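Student: I've got a protein open on my screen and I'd like to learn how to read it. Can we go through it together?

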Amino acid sequence: MRTVLKNIGQLVTWDENLGEMVILENQDLVIALDRIFSIGLSADIQDAREFDCSNCVVTPAFIDPHTHPVFADMRRKEFELRVQGADYQAIAAAGGGILNSVRSLRNMSEDELFDRSLPRVKKFLEYGTATIEAKSGYGLTTMDELKSLRVIRRLNESLSLDLIPTFLGAHEIPDEYRNQRDKYIRLITDEMIPAVAEENLAVYCDVFTEKTVFSRDETEKIFDAAQAYGLRLRIHADEFTAIGGTELAVSRHADSADHLMKVSEEGIRALKNSHTTAIILPGTTFFLGKCDYAPARRLWDEGVRVALATDFNPGSSMTQNLSLILTLACVYMHLSPLEALQAVTWHSACSLGLESDRGILAPGKRADIAIWNVRDYRDLAYWYGMNHLKSLFKNGVREEYA
C-alpha cells in the first residue's frame with residue numbers, strides 16, 4: 001500500500017539536476033514501501049493511505065554526522081565548573097573530560113550500557129533525525145571499545161534510526177598509558193583495529209588530532225592501519241590548535257574533517273574542491289562558552305562542502321536538537337536558513353557516503369521525511385531552541401511517538 005503526503009505547504013530539498021536547494025509549494029509526495037515514488041500533484045491512488053500535512057514544511061529527515069551517543073554517565077559537575085569559570089581543557093588535564101567518561105564506561109557491562117543508551121539514542125528520532133554517525137571512544141581498551149561498538153550494533157538492530165558506526169579508540173591517551181604513548185598507539189593499530197574489523201563493527205576510524213592528544217604523525221600511523229583493514233577515515237581536526245589535521249584529512253581522502261574552529265588558511269585551501277566534507281559543530285563552541293566559531297561562512301563561500309552536526313556527548317555538547325544547531329549556524333556563522341538546511345541533509349549524507357540513498361526528497365530515494373509544524377522553512381532556525389517536529393517517516397513508515 002502506498003502513502004500519500006497531501007497538502008504540503010513547502011517541500012524543501014536538494015535538486016540534483018539544478019545543483020541547488022529548491023522550495024516547492026503545493027505538492028504531494030507518494031511513498032511506496034521504503035522509497036519515494038513521486039513528487040507532484042497526484043491523482044487519487046486506489047487504496048492509498050493519506051497523511052494531511054496541513055500546509056506544513058516538509059524536508060528530508062535530518063542526518064547528524066558527528067555524535068558520541070554511547071556513554072555511561074552524565075558530566076553535570078564539569079558543566080557546573082565551566083559556568084563558574086573553569087576551562088574545559090584545564091578540567092581535562094586534571095583528569096576530567098573524556099577520561100571521566102572512560103572510567104565510568106569501563107565499570108559498566110554491555111547490557112547495562114545498552115539499556116542506558118537505548119532511550120537516549122531513540123530521542124534523535126523525536127527531533128526529526130533519521131540517521132546518525134555514532135562513535136565509540138569512551139572505552140580506550142580493546143574490550144571496552146568493542147563493547148561500545150557492539151552496543152551501537154545492537155541499537156541499530158533495535159531502532160528504526162540508522163547508526164553509522166565509527167571506531168574512535170584514538171579519542172584520548174588513557175591514564176595507564178600516559179607515559180607510554182607509543183605503546184598505546186601500537187595497541188590501537190595492532191590489536192584494536194584488527195579486532196574491530198574482524199567483527200565488522202565499524203565503517204569508519206576517527207582520530208582526535210590535536211596538540212594535547214594525537215599528533216599528525218601519530219594520526220598517520222593509525223590511519224595506515226585503519227585503511228589496511230578497510231575502514232574509511234574521519235578526523236577531529238583543528239579544534240583548539242591548527243596542527244595540520246585538516247590538510248592530513250584531505251591528503252588521505254577522509255570523508256570528513258570535523259570541528260575546524262582553528263582551521264588554517266592552508267587547511268581551507270586544501271578543503272577547496274576536495275572530497276572531504278567540513279563538519280562544523282557550533283553546539284560545542286556554544287556549550288563550552290567559547291566565541292571562536294568555525295569559519296563556516298568563509299568555507300562555504302570558498303566552495304567547501306559544509307555539514308552541520310550536534311556533536312552530542314556528555315561533556316561538550318549535550319543536545320540532540322539539530323534545529324537548535326541551525327539557529328547557531330545562522331546567528332554565529334552567518335549561514336542562511338536554506339544553507340543550514342542543506343548542511344543537515346544533503347551535505348551530511350555526502351559526508352557519510354550516503355548521497356545515493358538519502359538526504360534528498362526525490363523519486364527512488366529512501367523515504368526518510370520530516371514534517372515540521374511551521375509554515376515557512378526559515379522558522380526552523382528562527383523559532384530557536386524548540387522541537388518543531390510534527391511527524392517523521394522513517395523508511396516510509398510513520399514513527400508513532402514522533
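This is a predicted model: local features need pLDDT of at least 70, side-chain atom pairs count only at pLDDT 80 or more; totals for chains, interfaces and linings use all residues.

Student: Okay, and what share of the 402 residues is buried?

Tutor: A residue counts as buried when its relative accessible area is under 20%. Out of the 402 residues in the protein, the buried share comes to 60%.

Student: What radius of gyration does the protein have, and how does that fit a compact globule?

Tutor: Start from the chain length: for 402 residues, a compact globule would come out near 21 Å. The C-alpha trace spans about 70 × 45 × 45 Å along its principal axes. The radius of gyration agrees with the globule value, as the protein has 21 Å.

Student: How many helices and strands are there?

Tutor: Look at the secondary structure of the whole protein. It comes to 15 helices and 16 strands.

Student: Let me pick helix H5. How far apart are its end C-alpha atoms, and why does that make sense?

Tutor: H5 runs over residues 142–158, which is 17 residues. At 1.5 Å a residue, the helix should span 24 Å. The model agrees, because the end C-alpha atoms of H5 are apart by 24 Å.

Student: Now the aromatic rings. How is the pair of Phe71 and Phe312 classed?

Tutor: A search of the whole structure turns up eight aromatic pairs. In the one formed by Phe71 and Phe312, the ring centres are 5.9 Å apart and the planes sit at 55°. Stacked needs under 30 degrees and edge-to-face needs over 60, so with its 55° this pair is tilted.

Student: How many residues apart in sequence are the parts that this pair ties together?

Tutor: Phe71 lies in the loop between strand S6 and helix H1, while Phe312 lies in the loop between strand S13 and helix H12. So the pair ties together parts whose separation in sequence is 241 residues.

Student: Are Phe71 and Phe312 buried or exposed?

Tutor: Both rings also belong to an aromatic cluster, formed by Phe71, Phe124 and Phe312. As for accessibility, Phe71 is buried, and Phe312 is also buried.

Student: What kind of aromatic pair do Phe79 and Phe287 form?

Tutor: Phe79 is in helix H1 and Phe287 in helix H10, 208 residues apart. Their centres are 5.2 Å from each other, with 10° between the planes. An angle under 30 degrees counts as stacked, so the pair is stacked.

Student: Which ring does the charged end of Arg154 sit over?

Tutor: Check the distance to the ring centre, which is 4.3 Å. The ring under the charged end of Arg154 belongs to Phe114.

Student: Last one: how far apart in space are Ser38 and Leu361?

Tutor: Ser38 lies in strand S3, and its contacts include Asp28 and Pro363. Ser38 and Leu361 are 323 residues apart in sequence. In space, C-alpha to C-alpha, their distance is 9.4 Å.

Definitions and conventions: Residues are numbered from 1 along each chain as its sequence is written. Side-chain values use heavy atoms; hydrogens and water are left out. Helices (H or I, at least four residues) and strands (E, at least two) are DSSP runs, numbered from the N terminus. The expected span of a helix is 1.5 Å times one less than its number of residues. Rings of Phe, Tyr and Trp (its six-membered ring) pair if their centres lie within 6.5 Å; planes under 30 degrees apart count as stacked, over 60 as edge-to-face and the rest as tilted. Buried means under 20% relative accessible area, exposed over 50%, partly exposed in between (1.4 Å probe, protein chains only). A charge sits over a ring if NZ of Lys or CZ of Arg is within 6 Å of the ring centre and within 35 degrees of the ring normal. Contact means heavy atoms within 4.5 Å. The radius of gyration is taken over C-alpha atoms; the globule rule is 2.2 Å times the number of residues to the power 0.38. Lists of a residue's contacts leave out its neighbours within four places in sequence.
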